Amino acid sequence: MNRITRFLAAAALALSLATPAMAQLGGPVTGTPTNPITTPGSADELELMKALNGGRIAGRGSIPDVQSQVLIQPEGREWRDFHNKTLTWVGGIAVLGMLAILVIFYMSKGRIAIEAGPAGRTIKRFNGFERAAHWMTASSFVVLGLSGLNLTFGRFLLLPIIGPEAFTAVSLWGKIAHNYLAFPFTLGIVLLFLVWVKDNIPNARDIAWFKAGGGLLGHGHPEAARFNGGQKMVFWITVLGGALVSISGYILIFPFVMTDIAGMQLAHIVHGVLSVLMVAAMIAHIYIGSVGMEGAFDAMGSGEVDLNWAKEHHSLWVEQEMAKARDTIGGPAGAKAAGAD
Amino acid sequence: MLIKRSEGKAARQRLAAAYQGLSSGGLDRRSFLRQAGFGAAGLAALGAMGPGRAQASGAATGVADLSKPIQRVKNICTHCSVGCTVTAEVQNGVWVGQEPAWESPINRGTHCAKGASVRELVHGDRRLKYPMKLVGGQWQRISWDVALNEIADRMMKIRAESGPDSVFLLGSAKFSNEGAYLFRKFAAFWGTNSVDHQARICHSTTVAGVANTWGYGAQTNSYNDIRNSKTMIIMGGNPAEAHPVSLQHVLSGKERNRAKLIVIDPRFTRTAAHATDYVRIRPGTDIPVMWGMLHHIFANGWEDKQFIAQRVFGMDEIRAECAKWTPAEVERVSGVPGEQLKQVARAFATEKPSTLIWCMGATQKTVGTANVRAFSILLLATGNVGLEGTGANIFRGHCNVQGATDFGLDVGTLPAYYGLDEGAWRHWSRVWNVRYEDMVARFDSPAMMTTPGIPTTRYFDAITLPKDQIQQRDRVKGMLVVGHGGNTVTRMPEAVKGLEALDLLVVADPHPTTFAVLGNRRENTYLLPISTQFECDGSRTASNRSVQWGTKVVNPIFESKNDYEMMYRLCGALDRAAQRSNQAVRFQAEIFKTFEVKDNAPTAESILREINRGALSTGYTGQSPERLKLHMEHQDKFDLVTLRGRAGTPVENEFYGMPWPCWGKAEWKHPGSHILYNTQLHVKDGGGTFRPRFGVERNGVTLLAEGSWSKGSEIQDGYPEFTTAVLRRLGWYDDLTAEEKGWIESNGGNFSWATDLSMGIIRVAMEHGCVPYGNGKARAVAWNLPDPVPVHREPIYTPRTDLIAQYPTLPDRRGFRMPHLGVTVQNRSHQVARDFPIILSSGRLVEYEGGGEETRSNKWLAELQQDMFVEINPADAAARNIRDGGWVWVTGPENQSKARMKAMVTERVGRGVAWMPFHFAGHFMGEDQRRRYPQGTDPIVLGESVNAITTYGYDPVTFMQETKVTLCQIRAA
Amino acid sequence: MARMKFLCDSDRCIECNACVTACKNEHEVPWGINRRRVVTINDGRPGERSISMACMHCTDAPCAAVCPVSCFYTTADAIVLHDKDLCIGCGYCFYACPFGAPQYPRVGNFGGRGKMDKCTYCAGGPQQDGTLVEYTQYGANRIAEGKLPLCAEMCSTKALLAGDGQMIATIYRERVAKRGYGAGAWGWRTAYRETVGA
């Protein structure tokens, strides 16, 4: 990134500025002065800024806070542009765009039904632990997302409606919630990763799945194992995005513990962009998992999904489960409802 | 220079309008709410659920109720000697705020970090709150009466068993003039000359060196007058940190005259950052640099020949010495290239007026007095004394170190530099209205009365040395320390042994100070809470000799008492103790009979009036309390540069603060002397001449001025000091009034200007345009000093062992009742320099002052410097694997001393040189001593003291300690 | 109407820290909060200069631009103030500020930030002028009393100037003309998008 290269350049320059003075120090006799001085170096702000290629101007101060020793940090301006322009637009487009797509999709295709109609028999898709992990992550994410969006959009959307004091109260509680819920969210991400990663290794079938548009665009369902290509995408968005958002978030929760102001600005940029993109992705996820598709919600609701739904969307998985069940109880395939025990 | 809003009301309205949301750019919360309109009311209640309202602070002592009257009180900053006026805002007896003192011609509203935070000193919750004593190693609260009675009993016991000289009285440069004078008077009545204060360790060598050159031991010009200089050399001083407000005048002078500001120092200081030229020297080579400059000056004929001929004695001997200091030799010894020094010398000698500013870098040396003499000689050779923009601008240290020195907190003199001889004692006995014989009886012997006492730099030697090596009846057994830190003196490991051996230690101070915790004492140690000068009336003398009156801001806080009351009560307790132990000596009635005593304390005004009666020799007679208060009231009526009161004002023609000498009686309205030895003014207008203190002739050569006199003098040549005999010879005796003659004749008939309490001699001399003390030559050769012509002597601990043979220190000798080693110690350098290769120097930080207990207890200052550190050059650091901010051990060559602190890797110091601030204490040899402070009185910031490492080495004239050049080793911790 | 600015003349500043303690004293600013500070560049080398820095009360203030709760406002004198009752301590203003002015007391959770504190140009806050509640939240309101910021008023060498931008610029220009050198008005380009024109 441009920012990082500039920091490196600045550091290199600072070093080169120091070098002539250091070189003088190789004086002869102990205690004998070596650098009689008459020509003062530059202390002009513009010259220094130029020399440092617009980087930070820092010096020495007596307060132990290292931040206080930075005199001017022009990157703040870039961060401001990012926050006020880039993030607002990216976030706005991503979230509203996703909503728009979904609305259009819903209008054009409506709710995706189980083609064969509900079978009436169910098969267990997610156990209690999996569902708990999902919902912990999901509920944290919703609050985190809303409180986060509030920091970027609230002043335009919410503040004029409820007034500054109420808005501050909302935002303050939002900030506190945001800080605390970061921990269950991260924990959830870790758990989801551990329990589902083995079923989410991408493979050739996923390509086929995507080619077939996941069955949403065309007709007929491409075959899929426990997770289809789309779900794997959601998984990896959640795990990787969540990890990055978490890491960048912790950098911001513990100011100056891990990095300096430039690092925090960078962390914020990562955090902001990934977060709004995740929000957009999760809106789609929520849509498809609820109103968008008949039978989908049950997977995370009761954990039992309709057998026909499962066959349509996860044909290979259903076969696998059936085979497992046969092996276990030795009875005929599908003789027993998977969720009955 | 700032634009002051004159219309407070208008501003208020304008801003109020902004807050009401009427301005284009801004909105406040209330108007925002109004504009937000709907839905706000109900939801706004959510605001109340927010987690607490933010507050700027917890305890708001600075809250002033603007609806009630606020009283403004002026006092003087208690930190450095610049003498900044502090304007305090007081409401209901609480100091609620500080405002800029715009009127003061010295600081013009400004302050440094310390001055801007003095309010905290009087709110400080870390102050000593009540008297305490050590019982079995634990601090216990006691009452004032109990404390004073126990202290008095122990003092009288020591007095009976070992004599009065076994109690060491350590006073303070923080005293007001009146407090200092009272303490010296108390020492005289106690019967000892072992009474000292901080001047010993800051400018004692200046006083000795300068007084031996031209008569008075003080700054010749003023901070303000530096604005007139065209060339300024600051050598061995860092006023940007030590006297920040003085830089206002220095930098203004630099700017308005486009003057050269040359900093000569081993360290690239904050002052050097603003210099036009910076010359780095090896620590301890001031004289070679001075003589190197004079070498160029004499070689090029830049000296002021007329000035030398008329007003200087012995310059030829200097010329001979300087001839030896060729540019090559100067560079070999000091490291300064010849061409650079030549430029500096040319500027100083030819771009006049030039001033030389120095501080403890020059004075705290084994050659301190010689340094000062060399500095003075440079000024004399270039004719830079006695004129505007010239002079020896000696920046003194503490707020009243000048006054405390003037009033004799010194082992070698009575108040006002009268010395200790019989004439001096008789003079002060007359002022004190006591019989001289009664004073003699208070001493162990008449001889002890005229023998200089034990100086503070060696008090612990006087406790621990074998009895037969100390020239008094017994060793020091008890110590009364008032307003003095315990970490200010070198060789602290030995001081610890001394403190532990004392029978009695009394620390009277606003803070416990390092004295209270340094030794491992368990009994017989007392702490008395003393107020700061902000809780006390009195005058103080700034470095430029201006005397300023400080008015009490608030009453002493907690149980603290001011200096006057403490001394009055102590004297009463001593009387009672004497009675109990059947000793005949009494104190209170005799000492205080000349003062007005109110509420168990003499009034500052009445003490000053006694000073006005007796301190003739320095001209401390015209500064009556009334005149001083008038000056404080009309501070704004003085010119910034000349310090003269403007025409048509109540202070017309007077110099601000009546810098001494301010001759004669207050009603004569002498204006004071802004610039010493200024022959361009009439003596009645503040003019003067060099003071002939050493006779009229030396080896057939006159010591009186030739062809030079002050304006309006009827004697148009040199003349000796005025006495009754001189008046008779001149035929002026009958100019004395009948009253004056009456006093003189009824008291013996033969008096000098300095002892004639009728002040008639001074009056008559001035009527004839003559300076009472005479008109002499300054002495380039001071034959009464160990080195009549200053010569370079290598520091006692030097890394340049190759120079020891050529430039050895003085041989071992005795002084101040004690042995004084020289070459014996220096000869150790040959071994020491191998193991301790780094020169260690010390100095000041702007945030702290002196031993630092007071300033390190001030939260606003302490936050700015939280760690003791040592500055080390990047090359030395790299060689030792030391990183900036890392911990290091510094070890010294004596007492297996060691100290742990942080490293500051910086090019401020040259290679082979390390530097430490001297304000830290509370850690000693790696041990944290915080728990030893009485609970709640430990300073916020503690750290190792530089003086744990510093070593032996004393100036032969004043026993000034060597703090600027010793050796050490540094390694990563 | 006055446009208040700060100007630090680095050729005069000696890092005496009077501005820092004057600020602490006037507003009882707690330990750890530094509304003003002094930074020394080129320390220990020729060209060493110290600069006193605090909130510069920028034109088009970045803090106000990024504040998610819009707690900043600008007075008629162009002083940038904020409302602590609205501030949520998010830290955005610190990311955006070119001068590191915003300060946060450490409160509660983690290194959590409390409500932001910064230089008020001695102009208090949105509470009623000169009241106790204004003092405890923001410190003294000298502007309302017709005074200027104490840091500048007490500056030992008169390096730090405060007041109307044009007037202090004139003072500075005259100074530079008299002495023949000047390193410029530190931070002016960044804060006000203009130079002192010396």
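Visitor: Which residues does B:Val870 touch, not counting those up to four places away in sequence?
Guide: Keep in mind that this is a predicted model. Contact here is judged by C-beta atoms within 7 Å. By that test, and leaving out residues up to four places away in sequence, B:Val870 touches B:Val888, B:Val890, B:Met901, B:Ala903, B:Met904, B:Ala914, B:Met916 and B:Ile970.

Visitor: Which residues have the most contacts inside the largest nonpolar core?
Guide: That core has 396 residues. Its largest share, ten residues, comes from helix H25 (residues 563-580) of chain B. The residues with the most contacts inside the core are B:Met479, B:Val506, B:Val870 and B:Ala914.

Visitor: How many residues are in the second, separate core?
Guide: This one includes residues of chain A, among them A:Trp209, A:Ala224, A:Ala296 and A:Trp309. The number of residues in this second core is 16.

Visitor: How far apart are the C-alpha centres of domain 2 and domain 5 of chain B?
Guide: In the division of chain B, domain 2 is made of two segments, 132-200 + 405-608, and domain 5 covers 801-972. The two are in contact, with 37 residues of domain 2 meeting 34 residues of domain 5. Their C-alpha centres lie apart by 29 Å.

Visitor: Which helices of chain B each supply at least two residues of the side of domain 2 that touches domain 5?
Guide: By class, that side of domain 2 has 18 nonpolar, 14 polar and five charged residues. The helices that each supply at least two of its residues are H22 (459-464), H23 (492-501) and H24 (515-518).

Visitor: Which element gives the largest share of the side of chain C that touches chain A?
Guide: Here 43 residues of chain C are in contact with 49 residues of chain A. Elements giving two or more residues to the chain C side include strand E3 (49-54) and helix H7 (188-192). By class, this side has 23 nonpolar, 14 polar and six charged residues. The largest share, five residues, comes from E2(C).

Visitor: How far apart are the end C-alpha atoms of residues 133-157 of chain A?
Guide: The unreviewed UniProt entry annotates this span of chain A as a "transmembrane region", along with others including 177-197. Residues 177-197 are 95% helix, with end C-alpha atoms 29 Å apart. Residues 133-157 are 100% helix and 0% strand. For 133-157, the distance between the end C-alpha atoms is 32 Å.

Note on methods:
Residues numbered from 1 in each chain as written. Chains lettered and ligands numbered in written order. Predicted model: local features only at pLDDT ≥ 70, side-chain atom pairs only at ≥ 80, totals over all residues. Helix = DSSP H or I, 4+ residues; strand = E, 2+ residues; numbered from the N terminus. Nonpolar A, V, L, I, M, F, W, Y, C, P; charged D, E, K, R; others polar. Domains from an automatic or database assignment. Core = buried A, V, L, I, M, F, W, Y, C linked by C-beta atoms within 7 Å. Buried ≥ 20, exposed ≤ 12 C-beta atoms within 10 Å, placed from the backbone. UniProt positions renumbered as here; feature names shortened; annotations may be inferred.
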